[in-house]
Amino acid sequence: MKKNLWSKIIILLIMFFFVMPSSLSVQELSKLYEIDDNIEFKAANNISPQQPINAISSGEVVVGEKLDSIDYGPGFVEHVDDSIARDLLLQSNLNRNLKEGNRQHGIWVVPSREASYYPHSGKHNVINKWGDTMMGISFPTKVDIHGAWFAGQGGGEGVWAGSIRVFGYCNGEHTQTTDWFEDIDDIPSWFAMNLIDVDRIVIEATPVFNGGGWYAMDDLKYSPNIIDEQEQPNTIVVDFEDCSYNQNLKDLNYAGLTWETGTGDFYIDQDETSALQTPSISNEEELSLLEGYRSSSRENIPVDSPTLISDYQGVIRGDATSWSYPPDSCGAAGPNHFVEVVNRNFAVYNKSTGEELINILLGSFLPGSNGDPRVLYDQYSDRWFIIVCDFNTRLYLAVSMSDDPTGDWFKCNFIVSQGSDAGKWPDYPTLGVDEVGVYTAAYMIGGGNGMSIFALDKAPLIAEEPSLGDIYAFRELPWEGAIQPVHTFNSSEGEYFVSRASSTGVRVRLLTDLTTSPVLTELGFVTVPSHSPPPDAPALGSTVPLDTVGHRLMNAVYRDGYIWTAHCIDVSGRAASRWYKIDVLNISLDDYGTIEDSVMYYFFPTIMVNAHGDAIMGFSGSHSGQYAAAYYTGRLTSDPPGEMANPVLLKEGEATYNLIDGYGRNRWGDYSLCSLDPVNQTFWTIQEYAHSHNGSGVNRWGTWIGELAFNRPPETPDGPDGPDEGVTGIEYTFNATTTDPDGDEIYYWFDWGDGEDSGWVGPYVSEQTGEASHIWSDDGDFTIKVKAKDANGRESGWSPEHTITIIAGPILEIGIICGGLFKVNTAIKNIGGVEATNVNWKITLDGGAFIGKETADTILSIAPDGEETITSESIIGFGKTIVTVIAEVPESLDTREQRGFVFLFFIKVNPGG
């Protein structure tokens with residue numbers, strides 16, 4: 001931290017007490033704890049019916065709408081130390097203002113798309129947000145309440161109200177009460193209230209989780225009282241179909257009624273004091289499988305899995321006094337650091353050691369921003385880009401001034417809620433980059449609830465004196481969960497965008513000419529295998545399953561003509577993670593695969609690809625007998641199509657997880673991220689897991705950061721280099737050369753084709769020639785091949801074969817040794833098919849001889865089937881002896897030994913030996 005930090009704190013104190021309270025505190029303080037609650041439905045004054053969203057057809061071009069710079073917020077450069085100083089002040093203020101915990105009354109709200117579970121008619125109903133157990137509705141006149149349709153709301157039975165009843169009031173007095181209605185489940189049921197002459201009702205629910213009980217109401221039916229006897233009875237049905245998703249009915253007089261704030265008992269956000277639970281599984285085999293997942297470790301990583309090089313703790317719920325949930329895990333590696341952004345923290349780590357350098361509130365780092373943060377490291381400019389939305393009208397952007405995230409940052413924002421998006425607010429912004437631009441897409445909530453793409457010229461953002469340059473909008477695109485701009489890793493025609501268009505189609509768009517006249521072209525639809533939304537994922541001790549947020553695409557990468565992307569789908573009633581490799585030239589599916597299991601649920605997948613075409617994925621995993629944990633997998637470009645390695649445990653879950661949002665969902669997150677190291681091209685992933693509870697028993701999420709790399713095998717060697725012909729008995733040398741893509745040392749294994757091999761010879765450095773030698777004892781044609789392995793045991797394939805023809809060489813055979821006066825002799829025969837040349841021979845006597853103990857000479861040539869007689873020098877002696885004859889050429893060797901007796905100058909040799 002800079003030495004003048006305290007002087008900055010004093011300046012910021014002045015700013016804080018005179019400026020910040022009017023702009024930051026109310027927004028930030030009210031949105032610290034639960035990210036979903038920051039959606040206070042900014043479209044509250046827009047209750048117009050949804051407008052149709054028209055999809056552009058394939059090949060259609062949409063011209064970008066240039067934003068007026070008047071809608072840019074002020075940009076400024078500041079050092080991270082300034083953010084740290086601001087954080088000290090903000091945390092101090094938070095500690096003063098949040099001592100009472102996170103207590104909220106319910107409101108009547110039309111749930112979001114993702115939180116709409118069981119409408120009775122159409123696609124909208126209304127719910128009691130936060131599960132408030134006392135919710136009132138007032139009518140302008142006396143009415144007769146006939147009833148309404150009720151169903152459960154949220155992630156499952158663990159949060160559905162056990163029963164409801166309704167109190168009727170007239171002129172402030174309680175007049176009637178219905179019986180308890182208990183038919184609240186996943187099928188809407190009619191509750192006949194039959195309340196007469198009331199002007200207000202209060203619906204009471206029995207709580208089931210931390211003081212809350214969630215339900216959904218649809219098609220409320222009532223009749224105003226008839227004042228004039230000549231009037232005809234008029235029955236009104238409130239079906240909410242003219243509302244927008246996320247519509248807050250509070251104080252809007254919707255349908256002429258007053259939708260009151262709830263008055264149920266407060267409860268503190270999660271009172272988690274129960275001890276850790278154990279699996280309740282009756283099937284021993286299934287329990288065994290679960291134990292296997294729990295015990296997964298680096299020691300039993302499948303051969304083809306990426307290797308975990310390093311890993312360390314990321315942000316934990318409660319860090320920097322932020323208790324937001326879910327985290328929306330996102331982080332990226334740079335040359336020396338790893339930057340993490342989550343709801344609502346900004347953190348920086350030493351990439352090599354995992355040391356936490358910074359961990360502050362996101363609002364301290366980027367004042368005015370709120371949630372759904374994204375970060376990437378741009379390998380073109382060596383900068384970090386961070387984008388965050390305010391769930392109101394703006395997107396906030398931070399750009400590092402160098403590759404050091406602990407230094408200066410340029411910070412700015414711009415209004416997106418304008419033009420045809422006026423009255424809407426941004427949600428779920430995505431992030432991508434190419435050589436010339438920075439791109440994001442957001443779900444614009446309110447009115448038509450479509451999606452918009454925003455393209456920013458990168459050059460002004462990374463200039464020495466940075467500023468917001470031209471920004472272009474492409475609005476009212478069809479709602480498809482998320483539009484993912486790709487992280488582009490080499491030159492392309494422009495910036496690609498992908499989104500899930502249907503159960504069998506992925507939409508591909510291309511944005512070109514950003515710096516001149518940008519246009520968005522629909523390239524078409526890639527046909528993918530049919531799929532359906534994933535179910536929520538059960539986890540050990542979770543009251544309701546973890547929310548998997550559906551089948552939207554989670555991130556996208558472009559490299560060498562292909563887009564890689566991933567999302568979560570349903571496979572046999574379980575959440576599974578699917579990846580696609582899309583050929584952009586032909587708008588076709590080049591490859592795909594699914595990470596699935598008969599026990600585990602895998603969700604929130606993210607993917608990254610390196611220059612070799614190797615890919616990794618990171619994701620969450622859980623089951624009813626296992627706490628939610630973090631996993632990864634991967635594939636080499638050489639692996640068979642459609643295959644990835646078995647999932648590997650990155651960080652095991654530690655405790656139960658129950659963080660129920662206002663819609664009754666057990667929120668786990670919206671996404672995770674994998675990134676590529678710009679220095680050594682290793683992979684990084686940041687994933688969420690269920691962290692241990694704090695001392696008060698409060699549920700916590702944690703994030704875990706891991707660096708991965710593939711141990712790629714050596715390249716397959718070319719065919720062995722050596723002679724094409726040879727003869728038996730001669731040693732021949734062969735060599736081979738290959739390259740290890742990771743630079744590992746290499747061993748070679750030669751197969752000689754005659755049932756023998758060299759074994760592993762080496763080590764050699766990558767690209768160094770290895771060699772081995774062999775002698776064939778039989779004639780014929782033999783195929784030689786070679787393979788390589790690296791120092792980690794990864795093997796290449798077999799090389800092309802090399803054929804050597806071996807013919808029978810000379811074969812020497814020694815005849816019977818004969819004795820006589822002064823000398824012994826014998827014949828050396830060549831029974832082979834090749835002339836024997838330079839045949840060395842030797843006759844020795846062991847014992848008995850005084851003179852002529854050894855005679856040696858060379859025969860220049862013995863023709864095939866020929867023989868030559870050899871004779872010793874003169875021998876004189878007395879006693880027993882052993883006569884030995886040796887004859888040899890490089891190709892052949894023969895030895896003969898016979899016993900005898902020397903008597904002065906006469907040698908007797910026993911013919912039989």
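I looked up the largest pocket and noted a volume of about 500 Å³. The model is predicted, and I read every entry here as computed from it.

I then listed the lining of this pocket, which comes to 23 residues. Nearest the centre of the pocket I found Arg113, Glu114, Pro533, Val549 and Gly550. Sorted by class, the lining holds nine nonpolar, seven polar and seven charged residues.

Next I turned to the surface. I found a nonpolar patch made of Leu821, Phe822, Phe850, Ile851, Ile876, Phe878, Phe901, Phe903, Leu904, Phe905 and Phe906. Together these residues have about 1,100 Å² of accessible area.

I checked which strands supply the patch. At least two of its residues come from each of β56 (849-851), β59 (876-889) and β60 (892-904). The largest share, three residues, belongs to β60.

I looked up Phe604 as a separate entry and located it in strand β37, residues 601-609. Phe604 has a relative accessible area of 2%, so I recorded it as buried. I also took the C-alpha separation between Phe604 and Asp328, which is 9.9 Å. Along the chain, Phe604 and Asp328 are 276 residues apart.

Note on methods: Residues are numbered from 1 along each chain as its sequence is written. This is a predicted model: local features need pLDDT of at least 70, side-chain atom pairs count only at pLDDT 80 or more; totals for chains, interfaces and linings use all residues. Side-chain values use heavy atoms; hydrogens and water are left out. On a 1 Å grid over the protein atoms alone, a cavity is a set of points where a 1.4 Å probe fits but cannot get out, and a pocket is an open set with protein on both sides within 12 Å along at least five of seven lines; lining residues have an atom within 4 Å of a point. Grid points are joined across faces, edges and corners, and a volume is the space filled by probe spheres set on the points. Ala, Val, Leu, Ile, Met, Phe, Trp, Tyr, Cys and Pro count as nonpolar, Asp, Glu, Lys and Arg as charged, and the others, Gly among them, as polar. Patches are made of residues with over 30% relative accessible area and no salt bridge: like charges are joined within 9 Å, nonpolar side chains (Val, Leu, Ile, Met, Phe, Trp, Tyr) within 5 Å. Accessible areas come from the Shrake-Rupley method with a 1.4 Å probe; for residues, only the protein chains shown count as cover. A salt bridge is a side-chain nitrogen of Lys or Arg within 4 Å of a carboxyl oxygen of Asp or Glu. Helices (H or I, at least four residues) and strands (E, at least two) are DSSP runs, numbered from the N terminus. Buried means under 20% relative accessible area, exposed over 50%, partly exposed in between (1.4 Å probe, protein chains only).
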